[in-house]
Amino acid sequence: MRIRIVDAFTDRPFAGNPAGVLLLDSFPADEWLQNVALEVNHAETAFAHRLPEDGEADWALRWFTPAAEVAMCGHATLATAHVLHTTGAHEGPVRFATRSGVLIATPREDGSITLDFPTAPLTRVEVPAGVAEALGAAPRAAFDTGPNVGDLLVELADEKTVHGLTPDHKALAAFSERGIIATAPAEDPARGYDFVSRCFFPNVGIDEDPVTGSAHTALAPFWSERLGRPDLTGLQASPRSGRVRTEVRGERTLLSGRAVTVIDGDLLTRP
């Protein structure tokens with residue numbers, strides 16, 4: 001079967017966030033899916049199969065890290081939509097049936113794809129004891145991001161602090177279901193982005209995720225409220241880096257970006 005590696009939230013190879021994508025006839029055993037994700041060894045591998053016509057969704061979609069299945073993944077959804085559109089497997093908006101409900105990916109004339117995801121509910125919490133030491137910086141505030149995202153979002157003093165983080169990944173595992181989103185306002189919005197972030201997910205086997213779509217369902221409402229605008233652009237300041245355009249529409253958040261296929265090959269081991 002065909003397997004592709006797609007760099008998401010970027011317009012050039014070897015940047016953004018790589019994801020494995022496999023289009024299947026049906027979902028085989030979870031053990032096989034997890035083994036493939038471990039073999040691919042990127043932050044996520046997406047598995048999708050076509051659904052019967054006239055249903056609420058066009059394709060079923062699941063996401064696995066090398067260590068676990070996750071409830072939501074933005075960059076691997078973008079990567080899957082990119083594969084469907086570039087191979088002719090699907091035209092126009094595609095509706096994915098997922099553990100987070102029906103998610104829609106819409107291709108745009110400029111070559112980007114817009115994802116329609118649920119907005120993460122943010123609940124302010126006390127900054128947990130020990131998180132500053134584990135992260136390597138003292139948060140100004142902390143927020144729970146709800147069940148779909150499963151992270152602790154922490155606001156830091158400035159962009160420079162976010163760039164300079166060198167966290168203790170093992171210690172970070174104690175503070176949330178998936179990991180930590182660290183964020184701060186952009187030092188100079190004239191550079192084309194409004195806020196920065198970095199994401200550390202030790203509980204699902206990812207020390208630092210390059211560009212995280214699901215995290216932006218929490219980052220978008222967080223910064224839209226503070227900056228007074230529904231449309232923003234986030235820079236995820238990982239070594240690979242990538243940008244996510246966001247638009248908050250109440251209970252839904254739109255995430256837009258591009259993707260590039262960098263590997264297209266054959267998976268020789270079948271279920």
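In which strand is the place of Gln-236? In this predicted model, Gln-236 belongs to strand β15, and, with a relative accessible area of 0%, the residue is buried. When neighbours within four places in sequence are left aside, the contacts of Gln-236 include Ser-197, Arg-198 and Cys-199, then Asp-209, Pro-210, Val-211 and Thr-212, and also His-216, Ser-241 and Gly-242.

Strand β15, which spans residues 231–236, also takes part in the lining of the largest pocket, to which β15, β16 (242–249) and β17 (252–257) each supply at least two residues. The largest share of this lining, three residues, is provided by β16. The volume of the pocket is about 260 Å³, and 15 residues line the pocket, with Phe-9, Thr-10, Asp-11, Gly-242 and Arg-243 lying nearest its centre. Gly-242, one of these residues, is also one of the contacts of Gln-236. Sorted by class, the lining of the largest pocket consists of six charged, six polar and three nonpolar residues.

Rolling a probe the size of a water molecule over the atoms shows where empty space is left. One cavity of 30 Å³ or more is present in the structure, and the volume of the largest cavity is about 40 Å³. Its lining is made up of Glu-44, Cys-73, His-75, Arg-178, Phe-201, Val-204, Ile-206, Asp-209, Thr-212 and Ser-214, which divide into three charged, three polar and four nonpolar residues. Asp-209 and Thr-212, which are among the lining residues of this cavity, are also among the residues in contact with Gln-236.

Thr-65 is located in the loop between β4 and β5 and counts as buried, because its relative accessibility is 0%. Between Thr-65 and Ser-176 there are 111 residues in sequence, and the C-alpha to C-alpha distance in space is 17 Å.

An α-helix has 3.6 residues a turn, so residues three or four places apart point the same way. After α1 comes Asn-41, which has a positive phi, near 60°.

Thr-98, which lies in strand β6 (residues 94–98), is likewise a buried residue, with a relative accessible area of 15%. Leaving aside neighbours within four places in sequence, Thr-98 is in contact with Leu-61, Trp-63 and Leu-103. Thr-98 and Arg-240 are separated by 142 residues in sequence, and their C-alpha atoms lie 27 Å apart in space.

The aromatic residues were considered next. A pair of aromatic rings is described by the distance of the centres and the angle of the planes. Five aromatic pairs are found in the whole structure. One of them, formed by Phe-143 and Phe-222, is edge-to-face, with 5.2 Å from centre to centre and 75° between the planes. Since Phe-143 is placed in strand β10 (residues 141–144) and Phe-222 in helix α7 (residues 216–227), this pair ties together parts that are 79 residues apart in sequence. Both Phe-143 and Phe-222 are buried. A further pair, that of Phe-195 and Trp-223, is stacked, because the ring centres are 6.2 Å apart and the planes meet at 15°, an angle that falls under the limit of 30 degrees for stacking. Phe-195 lies in strand β13 (residues 195–201) and Trp-223 in helix α7, so this pair ties together parts that are 28 residues apart in sequence. Phe-195 is buried, with a relative accessible area of 0%, and Trp-223 is also buried, at 3%. Phe-143, Phe-195, Phe-222 and Trp-223 together form one aromatic cluster.

Charged side chains are also placed over aromatic rings. Arg-226 lies over the face of Phe-222, a member of the cluster, at 3.5 Å from the ring centre. Elsewhere, Arg-62 lies over the face of Phe-27, at 5.3 Å from the ring centre.

Notes: Residues are numbered from 1 along each chain as its sequence is written. This is a predicted model: local features need pLDDT of at least 70, side-chain atom pairs count only at pLDDT 80 or more; totals for chains, interfaces and linings use all residues. Side-chain values use heavy atoms; hydrogens and water are left out. On a 1 Å grid over the protein atoms alone, a cavity is a set of points where a 1.4 Å probe fits but cannot get out, and a pocket is an open set with protein on both sides within 12 Å along at least five of seven lines; lining residues have an atom within 4 Å of a point. Grid points are joined across faces, edges and corners, and a volume is the space filled by probe spheres set on the points. Helices (H or I, at least four residues) and strands (E, at least two) are DSSP runs, numbered from the N terminus. Ala, Val, Leu, Ile, Met, Phe, Trp, Tyr, Cys and Pro count as nonpolar, Asp, Glu, Lys and Arg as charged, and the others, Gly among them, as polar. Buried means under 20% relative accessible area, exposed over 50%, partly exposed in between (1.4 Å probe, protein chains only). Contact means heavy atoms within 4.5 Å. Rings of Phe, Tyr and Trp (its six-membered ring) pair if their centres lie within 6.5 Å; planes under 30 degrees apart count as stacked, over 60 as edge-to-face and the rest as tilted. A charge sits over a ring if NZ of Lys or CZ of Arg is within 6 Å of the ring centre and within 35 degrees of the ring normal.
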